[in-house]
Amino acid sequence: MGSSSLICDSESWKDLKFHVEDIKKTHLRELMADTERCKSMMVEFDGNLLDYSRQRATLDTLNKLLSLAEAAHVKDKINRMFNGERINSTENRSVLHVALRAPRDAVIKSDGKNVVPDVWGVLDKIREFSERVRSGAWVGATGKPLKDVVAIGIGGSFLGPLFVHTALQTDSEAIESAKGRQLRFLANVDPIDVARNIAGLSPETTLVVVVSKTFTTAETMLNARTLREWISSALGPQAVAKHMVAVSTNLTLVEKFGIDPNNAFAFWDWVGGRYSVCSAVGVLPLSLQYGFSIVEKFLKGAWSVDQHFYSAPFEKNIPVLLGLLSVWNVSFLGYPARAILPYSQALEKLAPHIQQVSMESNGKGVSIDGVPLPYETGEIDFGEPGTNGQHSFYQLIHQGRVIPCDFIGIVKSQQPVYLEGEVVSNHDELMSNFFAQPDALAYGKTAEQLLKENVPQHLVPHKTFCGNRPSISLLLPSLSAYNIGQLLAIYEHRIAVEGFVWGINSFDQWGVELGKSLASQVRKQLHVSRRKGEPIEGFNFSTTTVLSRYLQASADVPSDPSTLLPKM
Ligand code: F6P
């Protein structure tokens, strides 16, 4: 297949299209009865077990998907990624988030230069800085230790670090090292988010970390100016140097903003925003909260999966198998969505993070060469921790639409609870659901079964479950920093594999630009209307009408206001 031809023209794609008809003739009940098939659909890596036997797939399907991977040159694309080639062609960048978690002695090159020493230069700087802050050697403008951190950032400069923070928060080792400290995340430009994030904090004991790859993102920069004002109005403008640091690729803008470049932590344009949690974007706030040594374990976990992804044969390669099965579900079986269902409250921010990684990466309409695609790409991701999801949207996934599910379970709870006299421990209770739900989806319940149970005839259709609903189950040994890193990397690479097969650029995000530029037009209009009473111009009828209503109804907003900060 030539580089500009589409994967849907390949023989492997066409073969899979025909194969769908065979699969439609089978039910997961029958597929699950084949023990040999199920046995070969279990993959283990470093204590993590993937069971994909509840996919609507046979061993033949798998072979065909592996041929599809070959036709799409997936192995070559993985190699090109690890070799630092500029595979993000529309931004002319390499894609090297794997270098962020590489050991000190690894060699990973971008443009012929080994980037690992630079990565470790920043990691060492973070280790040193976070230790000074945590030990109280670095103090605020009034001499008090900085025990609280507010990380300002949005999208990739927020969701990954929030996911890891939320997952670590209940780990006993992390609890110990975070004693007396708080880490908060300010993302939304909504002033309510500012109010919530500074509520109960004192500028005297707070360190603000401004996280922005570009240092131009409107939301982040306004929030950064707002907290700069919060600090300087309380402690004087000179306090900013002690209370604000930054993470960015744009150190010139960091300095222009007024943050000492010595207190800036760099990363590089070969790190995509949504793939940046292993850079200073995540490592700095997380090290301030938990100490660098715990964060280093997280990086090691991610690196272990990087190695597995790079070297394991595809039929035993967890991210590759998951990526191929996602393509199978979306492009062949026609299931556009995916539910991410961790049976762990600590993973409550996994779905929001993966929403960005997956949907910003793979929600594309053209191939990497700019050819409009005759097939849809990307998955609609959503999710909630089990069992909360069960009491919310599971009705739809059991009897309504077919949504392939990712069930994620943990063997050892971070916080075990046993009650004397209870049938099982609290974690076993949770995990009972983890084991039950995939089978309920796969097998369903037939009318015959219901009638045998004496269900009244008129309720039989309502109580019938057709089953045949696919899922994967991923069982992790525990939820330590190391395992959290592994889980992150599994998803990152799975998403890359999907994009490699679909032949798209999973590393750009042009689709976010149009809305931003229209918002800037509205911002200008709001400014001139409020300040000078100028009429609304240049918008369509609908926007003009609603904008006028907004302006009229908020006419009490002063036209030239003096600074007002939240009062919570
Ligand atoms: O929403 C678009 C986006 O560019 C994301 O890709 C990125 O993660 C986010 O904005 C934040 O960007 P930055 O880190 O440059 O502030």
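1. The largest pocket is lined by 26 residues, and V189, P191, L222, V557 and P561 are the ones that lie nearest its centre. Its space comes to about 1400 Å³, where a volume is the space filled by probe spheres set on grid points that are joined across faces, edges and corners. A pocket here is an open set of points on a 1 Å grid over the protein atoms alone, with protein on both sides within 12 Å along at least five of seven lines; a cavity is a set of points where a 1.4 Å probe fits but cannot get out, and lining residues have an atom within 4 Å of a point.

2. This is a predicted model, in which local features need pLDDT of at least 70 and side-chain atom pairs count only at pLDDT 80 or more, while totals for chains, interfaces and linings use all residues. Residues are numbered from 1 along each chain as its sequence is written, and side-chain values use heavy atoms, with hydrogens and water left out.

3. Helices (H or I, at least four residues) and strands (E, at least two) are DSSP runs, numbered from the N terminus. By class, this lining holds 15 nonpolar, 6 polar and 5 charged residues; Ala, Val, Leu, Ile, Met, Phe, Trp, Tyr, Cys and Pro count as nonpolar, Asp, Glu, Lys and Arg as charged, and the others, Gly among them, as polar.

4. The ligand, however, sits in the second largest pocket, in the sense that more than half of its atoms lie within 2 Å of the grid points of that pocket. The ligand is surrounded by 13 residues, the closest being S157, S212, T214, T217 and E360, where a residue is near if one of its heavy atoms lies within 4 Å. This shell divides into 2 nonpolar, 8 polar and 3 charged residues.

5. A polar backbone atom of K213 is 2.7 Å from an oxygen atom of the ligand, a polar side-chain atom of T214 lies 2.6 Å from a ligand oxygen, and an N or O atom in the side chain of T217 is 2.5 Å from an oxygen atom of the ligand. Taken alone the ligand exposes 390 Å², of which the protein buries 86%; accessible areas come from the Shrake-Rupley method with a 1.4 Å probe, and for residues only the protein chains shown count as cover.

6. Across the whole structure, the search finds 2 cavities of 30 Å³ or more. The largest holds about 90 Å³ of space and is lined by 15 residues, with S326, N329, P404, D406 and R494 nearest its centre. At least two lining residues come from each of α15 (318-332), β10 (337-342) and β12 (405-410), and the largest share, 5 residues, is that of α15. This lining has 8 nonpolar, 3 polar and 4 charged residues.

7. The second largest cavity has a volume of about 50 Å³, and among its lining residues are L100, V119, F267, W268 and C278. Helix α6 (residues 116-135) gives the most to this lining, with 3 residues, and the classes are 9 nonpolar, 1 polar and no charged.

8. Two backbone details deserve a look. The peptide bond from G386 to T387 is cis, with omega near 10°, and T387 is placed in the loop between β11 (380-383) and α17 (394-399). N454, although not a glycine, has a positive phi of about 65°, and N454 is found in the loop between α19 (447-452) and α20 (460-463).

How values were computed
Polar contact = N/O pair within 3.5 Å; in protein donor to acceptor, adjacent residues only side chain to side chain.
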